[in-house]
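Trainee: I'm new to this one and would like to learn how to read it. Could we go through it together?

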There are 2 protein chains.
Amino acid sequence: MIRSFLFSLFWFHSCGGEAKGRSMTSPLPWKQLLLVALDSNAHLQHSHFFQLATVGLNGRPSNRTVVFRGFQEGSEKIQINTDSRSSKIDELKAFPFGEICWYFTDSWEQFRINGKIDLIDASNSDPVKLQQREKAWFASSLRSRLQYTGSTPGLPCISEEPSKECHLDPSAGPVGAFCLLVMDPDQVDYLNLKSNERLMFTSTWNEEGDAKHWTSERINP
Amino acid sequence: MIRSFLFSLFWFHSCGGEAKGRSMTSPLPWKQLLLVALDSNAHLQHSHFFQLATVGLNGRPSNRTVVFRGFQEGSEKIQINTDSRSSKIDELKAFPFGEICWYFTDSWEQFRINGKIDLIDASNSDPVKLQQREKAWFASSLRSRLQYTGSTPGLPCISEEPSKECHLDPSAGPVGAFCLLVMDPDQVDYLNLKSNERLMFTSTWNEEGDAKHWTSERINP
């Protein structure tokens, strides 16, 4: 499928590069590759959008576009804001794993990022996580924050009237419906359609379980 | 999440339109909406790319960019070409459901299309399906067809040499690795971020099981 995708763009070249067919510590970690991609596609507003797949309550895959809200400070964890009333919340409570598919339309790069997703809503008991949620709230524009005061997403639209304009105190903390999702990636499949390179980044934890180690392998596109 | 997405683009307006909070036969079926979106985004090469989510063999969601290969003739079934050696094939054999997330970056429309996926490879016993596969093969460019003669996707890249140029007889039928996927949608969640409208299209089969009926409902974005 990736190949089908690739060939719709340009002619096939064989794999190139130095390190083939062996596990290696990547010269450029996936997060760096992602930061470079974000930079080279920064002129496109949609470069901050990606598709997040989860498993629905009926077992079927579920997939939607969401907005990248940056990495959690000093980490490779990916932040997403969402409405705690949206269906993905129940899905993630039942099965907290997701895969991001992030395609950069200008640089022809794809990142498939798989990992566990932590859900931080108002009921979270961890004060550090609640602080992260508050930080994400204040990092959002006032307009973004206002959305969480609206009607429940996905329910039938019953209002015949325009919604009343709602004012939020800019200094007020997160409303109940505001939820921060934090994905901790454990595998990243990177595809560059210009160089026709594909790298699989895989993480393992050390014995103490407090440090993650990434390796990468060049694989066939 | 959709709201977070929406608000990253523009200011929130209340739901508008004629038919609110009730089930209705849509004035414009989802396939028509999709054809209009394809037309209005036709100047963008990536408008034919979407993200297909499946459920991986480990139960986790899996998500990748694929290329729209048109509707199956006279139907609303969506065609995708893929390599029968790619991992999604085993995934779909184990659980044949997927969700497409298709975001149009110019018209700000999103289609989330959920349905069962039929897998048509060389071993298929249905002659009609094998004809469809052959038709999809010949509808692809020669360059696209050549990809299926390459190394197994996802395996370590071991070749140090540029791949030999391979020639395919333009009149030769599909090679073994060529696989046609056909999604038969049964639910479509449509979001228009310019009009701030969201419609949920749901299908039901008649008692005889030979005709599908679609209804739509306006829901909160």
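Trainee: Which residue lies over the face of B:Phe71?

Mentor: Keep in mind that this is a predicted model. The residue is B:Lys31, at 4.6 Å from the ring centre. In chain A, A:Lys194 lies over the face of A:Trp108, at 5.2 Å from the ring centre.

Trainee: What about strand β4 of chain A: are its residues buried or exposed?

Mentor: Start with the general idea: in a regular strand the side chains alternate between the two faces of the sheet. Now the case here: six of the six residues in β4(A), 78-83, are buried. A:Ile78, A:Ile80 and A:Thr82 sit on one side, with A:Gln79, A:Asn81 and A:Asp83 on the other, and both faces are covered.

Trainee: Which strand do the bridges join β4(A) to?

Mentor: To β7 of chain A, residues 178-192; six bridges join the two, and they run antiparallel. One of the partners to look up is A:Phe178, bridged to A:Asp83.

Trainee: How do I read a pair of aromatic rings?

Mentor: You describe it by the distance of the centres and the angle of the planes. There are 28 aromatic pairs over all chains. Take A:Phe68 and A:Trp102: 4.9 Å centre to centre with 55° between the planes, a tilted pair. A:Phe68 is in the loop between β3 and β4 of chain A and A:Trp102 in β5 of chain A, so the pair ties together parts 34 residues apart in sequence.

Trainee: Are A:Phe68 and A:Trp102 buried or exposed?

Mentor: Both are buried. Compare A:Trp137 and A:Phe178: their centres are 5.1 Å apart and their planes at 75°, so that pair is edge-to-face.

Terms used: Residues numbered from 1 in each chain as written. Chains lettered and ligands numbered in written order. Predicted model: local features only at pLDDT ≥ 70, side-chain atom pairs only at ≥ 80, totals over all residues. Heavy atoms only, no water. Buried < 20%, exposed > 50% of the residue type's maximum accessible area, 1.4 Å probe, protein only. Helix = DSSP H or I, 4+ residues; strand = E, 2+ residues; numbered from the N terminus. Pairing = 2+ DSSP bridges. Phe/Tyr/Trp six-rings, centres within 6.5 Å; stacked < 30°, edge-to-face > 60°. Lys NZ or Arg CZ within 6 Å of the ring centre and 35° of its normal.
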